[in-house]
Amino acid sequence: MGKDASALDAVSFFGIRHHGPGSAASLVRALDEQKPVAVLIEGPADASALLPMLASPAMKPPVALLCYPEDDPSQASFWPFAEFSPEYQATLWAMANGVPVEFIDLPSTARFVEKPAKPTDASPPAETVETAAEMVETAAETAETAEAAAQEPEAPAAALPPALPPEFRDPVGVLAEAAGYEDGESWWADLIEQNPAPGPIFSAIADAMNALRADLAHLPEFEAKREAHMRLAIAAARKRHEGPLAVVCGAWHVPALQGAVAQKDDRALLKGLPRKKAAMTWAPWTMPRLAFAHGYGAGVDAPGWCAHVWHTRARRDGASRWLTRIAYILREKGHLVSTAALIEAERLALALAAIRSRPGAGFEELREAAVACLFGGEALLWKTIEDTLLLGNEVGEIPADAPLAPLIEDLQRHQKAARLKPEALERELAIDLRSESGLFRSTLLHRLLVLGVPWGRLLDKGGSRGTFRERWMLAWEPEYAVQLVEKLVYGATIEQAASAYLAEQLGQAAALDALAELIRTAITASLPVAASRGLALFEERAARSSNCPEMLAAIPPLADIVRYGDARVSASTSSSASTSGLGQLGVLLQRLIVEAAINLPHAARELDAEAAGEMTERISAAHAGIRLIEAPQDILEAWFRGLEAVLGDARATPRVAGRAAHILYEAEALAADEAVTLLERRLSPGTPVVDAAGFLEGFFSASAMRLAHDEGLRRAVDGWLTGLDEDDFTAHLPLLRRVFSGLDSMERKRLLAAALGRGPSLPAHLVPAPDGGAGWQAHLNILHPLLTGNNADG
Amino acid sequence: MSDLLRLPAEQTYALELEALARGDDANKPENWKLSPQSVLTYLLGGKAGDGTVISPKYVGRRRLMETAVATLATDRALLLLGVPGTAKSWVSEHLAAAITGDSTMLIQCTAGTDENQIRYGWNYAQLLAKGPSEEALVPTPLFRAMQDGKLCRLEELTRMGSDVQDTLITVLSEKMMPVAELNSAIYARRGFNVIATANNRDKGVNELSSALKRRFNVVVLPLPDDMDEEVAIVARRVSEMAVSLSLPVPKNVQEEISRVLTIFRELRAGATADGKTTLKTPSGSLSTAEAIATVVGGLSQAAWFNDGSLTAQELAANMVGAIIKDPVQDKAVLEEYLETVLKKRSGYSAYYAALNEAV
């Protein structure tokens, strides 16, 4: 025991902040000073073999170490590394100085939990939440769990459980907050400003951690195991290496690793860890996914700011560069930002720092100065550039010789389970959604479509909605594998990746109708997380939008989901989440209908021919959707009120008004005699011919056959047509043809007959002459050879 | 006790300012009476060095006040922006009182303000008697603030014409004002600066030219974040106004205020109070001041036409007036709000009916 304690002097503990550029810079300087013979890093011990690859020149951070049980990639854990991560810099330092570098944390296998659920199906939601919460808690410090990775911040499972104290996640951040800082990096920078030597900083941090941990009543079991493993690994490393050792770990662990604990106790604690076989590889990562807000438990608030701090660590003009970056982003968005304004902003930032008694302008000072000087005080404008500025969009690269990507493995597993072979030649596949295997196949194909892998092409698209059949055309192309590797950043299984990718697209979709289509896709591909995120987004946008055409266009896909969505769901095992989602969607759809109806009169005003045509089609499609869901009476009434308002609005485009009248008439919200009066009035001589024709087209273009049956309507139209003078009639001939082009010849005949008032019989001047029959035979005898070219004389 | 209706801030809070000045050993910018830290304490409340309690003058975000004070400590001018009733003038007065001990260098900008009221005017009797001379010149508050190294306050900057506004450009960037008639100029002493206030949602104002705008640091003062705080402000002001207008205040006024404010806050925030439903916002500002006017209007209607009982009926007409500023868009916004939110909410059926009727 005593020997151990004295020997610890040769080990330097560097308590770092995960993804903290400040501690990375201090760490590199400290390593240069200490010159250790080996570097030990907090990370899964079984992945040490992959560490040298991290220093490969082909490896461009951000990248993530990815470990998963060989048979179940959905349990993958990620350890992301950015350029400014101290762990990454420590690895680079070790490789450059030719000293061994090892991971010392619990092996990745310890994070795997036994999951009874089938890997491919979405497990029941309650369980998902629980496991995710548990995994986030255990893995929060360095690793991002697959669940968390696959879900967007709104998803409940991705949020950190409130029970996890913040000092676990980011103890340095807690210290900074206690010192009145919002941003841990600015605090660190100020700390270095006051203590230029790197050694004292790390001992000061260790002291602070001692104080923080002093009132910690109970260490979660998993954390205790991790620290036991690290202690044992450090002891083992001391036996192997002669000379000073460097331990790079989260600041939080330093007191525990320095403490003297009998190795026997540590070993006892580590008994019975799960021993599953783990597969591991590197995966490209993205800057935004390093952010805490993107569901990464150990993430930072602003990776963009961290990268900036790292890149300007050796410069004095960091503040100017940061402000200049803001200016560039603003200019790209079309705002005018002068150089003089940047100078003023920097001066204000310095004045603010002085008021707050800080040695330099940090993140907060620069932000507030930018808002006051560059944004005209509008904090909202800051929000619009926040993503670009703070998250960045860099994507990492991995060397070509990195081990195989889990998404491809996952696909192979699914292909086996679905008994579908990838074949280059086209093959048709009919699927019955009522059978479990059919639904499984269909879901797989739909999810691949989401991921941009059109292995299957859905034939009769749209036609099959509401039935239980789908017809697919299958053909595999080699480049699909490349697509899957690129999508690795979204998740390690097809389901996770599809869900996260779709969630991202949802975030980018601007229009309501596009959003509605994506929600439909999410439900068809049975991705409940993406679907509920989509619904939340949709609700928000729908409330803000006053774009009536968009709302109308969003009604049919949503109605489709409400009506047929559970056809897919009820057959599958997971249900409660999706059905409650559908219930929510029903309410949302009803609200959307009411909103669209309220905005309808305004949107129907003064449209040109093209817009009017689009609008009428959208109204009809929306009406079809509303009928499909059998909307409750009050919603239906609100919708009809909207249509009536269009009808009563003098400025409404006639064609749209015509369609509104038609829908009301068909739905018997407009009585027959009212319709006749309306039509007569709209087609009366006082109305400009153009308007009257537009109204007529709107009213009848979908259902000209009405005229054949409805005498009152027919009389009104007939009266208008016969009253037109010749020029007007010719001018509107194309329009009239359009109205009646939907009729086949039989229907036209019946309409004509009806128009001429004779029922099925022909009008007088068209009736054949009494001797017509005989005469016709004589004519035929002469005509037949001429027509067939079989001339008897020739 | 003074018989004046209202005293300037530096006299009302003279004791606090003195206490702060006594215990203030931090660095002060030149010609400042207090250090920036003490100015912040004066504005946000706290304790002076000798333990004197300082009452808060501004209830809201500390960071905004920090930016405002830091701005004045540099030589940039400060522009306080916000909808009516967000304490812009109040903050401006107290900043001037704390920093220079004089909040009376004030120019109220209106559409009728001309250059003579900004730069300097002439005493015509003197001008005729002596010709252009120092004695004939009548200094404006801005002129005197430059001479004395004090803060000049410009109220409602955007209400005066753009050409007059631009007179300020030279003053703000070169800190001097030429007096062409005397072939001389006055140069601002250290400590001189300008605090302007403006309304960012008003119509019929003259936009700041970008040349002038970039000489200001802008701080936008928001509406109160907290519902209870706002209810208290409204209730206090309403009862004060009711007393001065001799209107009876019925018992239920508190409940009605919180209902009216709930509707106002939801509409201006664009989301329901529970955060579950997003809404469209009308074009009006629906500020605290407008909520006060609405309730007072309702009280007046109740007193004169409804035997003093205040119901949704009386308030609705006033609310519609506050909410619908644009007859087409705002009407749709309100209708949507009524149909999608208020219709189903318990306790609001009277408002639903009354507003629907009034729309």
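This is a predicted model: local features need pLDDT of at least 70, side-chain atom pairs count only at pLDDT 80 or more; totals for chains, interfaces and linings use all residues.
Chain A contains 37 helices and 11 strands. Of its 794 residues, 46% are buried. When contacts between residues at least 6 apart in sequence are considered, 77% of those in chain A join residues at least 24 apart. Chain B has 17 helices and 11 strands, and 42% of its 359 residues are buried. The corresponding share of contacts in chain B that join residues at least 24 apart, again among contacts between residues at least 6 apart in sequence, is 69%.

Strand 3 of chain A pairs with strand 4 of chain A (residues 77-81) in the antiparallel sense, over five bridges. In that pairing A:Leu65 stands opposite A:Trp79 of strand 4 of chain A. Strand 3 of chain A also pairs with strand 8 of chain A (residues 278-284), over seven bridges and again in the antiparallel sense. Here A:Tyr68 stands opposite A:Ala279 of strand 8 of chain A.

Further along chain A comes helix 17, residues 363-373. Because 11 of the 11 residues of helix 17 of chain A are buried, this helix is largely enclosed by the rest of the structure. The buried residues of helix 17 of chain A include A:Glu364, A:Glu365, A:Arg367 and A:Glu368, along with A:Phe363, A:Leu366 and A:Val371.

Next is an open sheet of three strands in chain A, with the order 9-11-10 and antiparallel pairing. Strand 9 (427-432) and strand 10 (456-458) of chain A are at the edges and have a single partner strand each, so one side of each has no neighbour in the sheet. Direction ignored, neighbouring strands of this sheet are turned by 35° against each other on average. Strand 10 of chain A and strand 11 of chain A (residues 469-474) run antiparallel and are joined by three bridges. Within this pairing, the bridge partner of A:Arg457 is A:Met473 in strand 11 of chain A. Helix 20 of chain A, residues 436-450, lies across strand 9, strand 10 and strand 11 of chain A, and runs at about 125° to strand 9 of chain A.

Two helices that follow in chain A pack against each other. Helix 23 (residues 512-524) and helix 24 (residues 528-544) of chain A have axes that come within 9 Å and cross at roughly 160°. Helix 23 and helix 24 of chain A are therefore roughly antiparallel to each other. Their crossing is left-handed. Among the residues that make the contact are A:Leu515, A:Leu518, A:Ile519 and A:Ala522 of helix 23 of chain A, and A:Ala531, A:Leu535, A:Phe538 and A:Ala542 of helix 24 of chain A. By class, the contact of helix 23 of chain A with helix 24 of chain A has 13 nonpolar, one polar and one charged residues.

Helix 13 (residues 253-269) and helix 14 (residues 288-305) of chain B pack at an angle of about 140°, and their axes are 10 Å apart. That angle makes helix 13 of chain B oblique to helix 14 of chain B. The crossing of helix 13 and helix 14 of chain B is right-handed. From helix 13 of chain B, B:Ile257, B:Val260, B:Leu261 and B:Phe264 meet B:Ala291, B:Thr294 and B:Val295 of helix 14 of chain B. The residues of this contact divide into six nonpolar, one polar and no charged. An α-helix has 3.6 residues a turn, so residues three or four places apart point the same way.

Finally, the chains meet: 29 residues of chain B are in contact with 28 residues of chain A. On the chain B side, the elements that give two or more residues are helix 3 (36-44), helix 4 (62-73), helix 11 (210-213), strand 11 (216-220) and helix 16 (329-340) of chain B. Helix 4 of chain B supplies the largest share of that side, seven residues. By class, the side of chain B that touches chain A has 11 nonpolar, nine polar and nine charged residues.

Conventions
Residues are numbered from 1 along each chain as its sequence is written. Chains are lettered from A and ligands numbered from 1 in the order in which they are written. Helices (H or I, at least four residues) and strands (E, at least two) are DSSP runs, numbered from the N terminus. A residue is buried if 20 or more other C-beta atoms lie within 10 Å of its own, exposed if 12 or fewer, and partly exposed in between; C-beta atoms are placed from the backbone. Two residues are in contact if their C-beta atoms, placed from the backbone, lie within 7 Å. Axes are lines fitted to C-alpha atoms, for helices over the stretch in contact, and angles run from 0 to 180 degrees between N-to-C directions. Angles under 35 degrees count as roughly parallel, over 145 as roughly antiparallel, 65 to 115 as roughly perpendicular and the rest as oblique. A crossing is left-handed if the near helix is turned anticlockwise from the far one by less than a right angle, and right-handed if clockwise. Ala, Val, Leu, Ile, Met, Phe, Trp, Tyr, Cys and Pro count as nonpolar, Asp, Glu, Lys and Arg as charged, and the others, Gly among them, as polar. Two strands pair if DSSP finds at least two bridges between them.
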